[in-house]
Amino acid sequence: MKGTVGQLGEFGLIREMTSRLTATEAVRLGPGDDAAVVAAPDGRVVATTDVLIEGRHFRRDWSTAYDVGRKAAAQNLADVAAMGAVPTVLLLGLVVPADLPAAWACELMDGLRDECQVAGAAVAGGDVVRGDTITVAVTALGDLRDRAPVTRAGARPGDVVAVTGWLGWSAAGHAVLSRGFRSPRAFVEAHRRPEPPYHAGPAAADLGATSMIDVSDGLVADLGHVAAASGVRIDLHSADIDVPSQMTEIGQAVGVDPLQWVLTGGEDHAIVATFPADTKLPARWRVIGHVHAAAAGQVTVDGAPWDKAGGWDHFGDQ
Ligand SMILES: Nc1ncnc2c1ncn2[C@@H]1O[C@H](COP(=O)(O)OP(=O)(O)OP(=O)(O)O)[C@@H](O)[C@H]1O
Ligand SMILES: Cc1ncc(C[n+]2csc(CCOP(=O)(O)O)c2C)c(N)n1
Ligand SMILES: [Mg+2]
Ligand SMILES: [Mg+2]
Ligand SMILES: [Mg+2]
């Protein structure tokens with residue numbers, strides 16, 4: 001694809017971007033009309049939205065447009081999965097400057113399309129406008145398929161806390177990239193393209209999860225939302241939280257305690273859930289803590305309050 005977004009024009013760009021999409025069962029109509037028509041067999045629709053901004057969520061010298069598309073889709077699809085729902089469609093609100101290569105917008109769409117395919121969803125529509133800062137605003141919808149939604153508010157004293165997916169890999173990749181390196185590749189790739197365990201969301205609901213959340217800001221911060229909403233204390237057992245040896249090596253190289261990445265690094269979109277203690281959990285779930293009644297609203301690590309930042313806060317001092 002040659003030329004810029006400005007040369008292609010709004011409708012030329014929309015034509016190019018939407019021509020890359022594939023249809024699914026859930027998208028009955030769209031993109032191309034005033035709105036898409038989306039099948040909602042369950043009758044209840046899970047809806048969520050998240051925004052990515054250039055410079056704050058991604059850098060064009062760190063990530064390709066395709067990577068940004070994969071990540072923008074992943075962070076929204078993971079929210080749908082963390083309710084116990086199956087993602088159905090995505091809508092893309094895109095703000096771009098006129099001098100952006102049109103190929104960047106098209107490759108972004110390729111990334112969104114491919115990540116949707118991993119989760120069984122599809123892009124159903126969107127909007128494109130001109131603006132100074134590249135902004136990728138995605139909305140995702142999902143289908144509960146007769147499941148009760150698994151909220152942040154259902155954790156009960158005596159439950160176990162279990163996680164599936166990656167923890168701290170994106171943060172370690174970010175630390176490497178921030179220092180001007182491009183390797184170790186596995187961590188840099190994890191930062192560019194998170195791999196949320198989408199099917200674990202509905203599977204957890206079927207296993208009887210009492211609460212669930214995806215880890216976008218950091219394990220301690222996100223479990224803090226569960227602790228607050230459920231009126232419980234969540235205690236994490238550091239000995240049960242795996243720190244890969246390669247992460248320890250990077251930590252030594254850059255002077256960071258790798259447990260910090262695992263406990264407070266966001267953007268991997270692992271899924272963490274609480275289950276009644278007698279639940280038979282498949283091997284993919286690692287039990288990393290327990291739920292307690294006393295000191296409601298708190299997250300503790302090995303019984304002690306976590307006194308550092310629990311994760312990313314857009315208005316914190318990052
Ligand atoms: N501007 C807003 N208007 C209305 N509701 C909002 C707004 N921002 C956040 N919320 C709501 O607040 C809750 C928490 O939002 P938050 O963005 O922290 O969750 P998340 O999307 O799971 O996490 P992350 O954005 O880190 O991926 C969600 O239910 C969200 O819909
Ligand atoms: C260039 C650049 N600088 C810093 C970061 C780190 N970062 C940005 S947002 C966020 C939390 C999740 O965001 P949200 O809460 O908006 O979903 C994190 C860990 C990055 N990805 N890229
Ligand atoms: Mg959000
Ligand atoms: Mg979330
Ligand atoms: Mg956040």
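**View 1. The shell around ligand 1.** The residues of the shell around ligand 1 divide into no nonpolar, 2 polar and 3 charged, where Ala, Val, Leu, Ile, Met, Phe, Trp, Tyr, Cys and Pro count as nonpolar, Asp, Glu, Lys and Arg as charged, and the others, Gly among them, as polar. D50, Q75, D79, S216 and D217 surround this ligand, a residue being near a molecule if its C-beta atom, placed from the backbone, lies within 6 Å of it. The model is predicted, so that local features need pLDDT of at least 70 and side-chain atom pairs count only at pLDDT 80 or more, whereas totals for chains, interfaces and linings use all residues. Residues are numbered from 1 along each chain as its sequence is written, while chains are lettered from A and ligands numbered from 1 in the order in which they are written.

**View 2. The shell around ligand 2, with residues from domain 1 and domain 2.** Ligand 2 has around it D50, R56, H57, F58, R59 and Q75, together with H174, S216, D217, G266, E267 and W312. By class, this shell consists of 2 nonpolar, 5 polar and 5 charged residues. Domain 1 (9–143) and domain 2 (160–305) each supply at least three residues to the shell, the domain bounds coming from an automatic or database domain assignment.

**View 3. The contact between domain 1 and domain 2.** The chain is divided into domain 1 (9–143) and domain 2 (160–305), and the centres of these domains, taken over C-alpha atoms, are separated by 26 Å. Domain 1 contributes 19 residues to the contact and domain 2 contributes 16 residues, two residues being in contact if their C-beta atoms, placed from the backbone, lie within 7 Å. On the side of domain 1 that touches domain 2, the elements giving two or more residues are α3 (65–81), β4 and α4 (102–119); helices (H or I, at least four residues) and strands (E, at least two) are DSSP runs, numbered from the N terminus. Of these elements, α3 gives the most, with 9 residues. By class, this side of domain 1 has 12 nonpolar, 3 polar and 4 charged residues.

**View 4. The open sheet of 4 strands.** The strands follow the order β3-β6-β4-β5, and their pairing is mixed, with two strands taken as paired if DSSP finds at least two bridges between them. At the edges stand β3 and β5 (122–130), each of which pairs on one side only. Neighbouring strands of this sheet are turned by 15 degrees against each other on average, direction ignored. Strand β3 (residues 45–53) is antiparallel to β6 (residues 135–143) over 9 bridges, and within this pair D50 stands opposite V138; D50 is also one of the residues around ligand 1. Strand β4 (residues 86–96) is likewise antiparallel to β6, joined to that strand by 9 bridges, with L90 having A140 as its bridge partner in β6. Between β4 and β5 the sense is parallel, over 8 bridges, and L91 stands opposite G125 in β5. Helix α3 lies across β3, β4 and β6, running at about 35 degrees to β6, where axes are lines fitted to C-alpha atoms, for helices over the stretch in contact, and angles run from 0 to 180 degrees between N-to-C directions.

**View 5. The open sheet of 7 strands.** The order of this sheet is β8-β10-β7-β11-β9-β12-β13, with mixed pairing. Because β8 (211–214) and β13 (304–305) stand at the edges with a single partner strand each, one side of each is left without a neighbour in the sheet. Strand β12 (residues 299–301) runs antiparallel to β13 and is joined to that strand by 2 bridges, with V301 standing opposite A304. Helix α8 (residues 219–230) lies across β8, β9 (233–236), β10 (271–275) and β12, and runs at about 150 degrees to β8.

View 6. The peptide bond from G30 to P31 is cis, with omega near -5 degrees, and P31 is found in the loop between β1 (27–29) and β2 (37–38). A cis peptide bond also joins S183 and P184, with omega about 5 degrees; P184 belongs to the loop between α5 (169–178) and α6 (185–192). D146, in the loop between β6 and β7 (160–164), is not a glycine, yet its phi is positive, near 70 degrees. With 9 other C-beta atoms within 10 Å, D146 is exposed (buried means 20 or more other C-beta atoms within 10 Å, exposed 12 or fewer, and partly exposed in between, with C-beta atoms placed from the backbone). Not counting residues up to four places away in sequence, G251 touches V256, D257 and P258.
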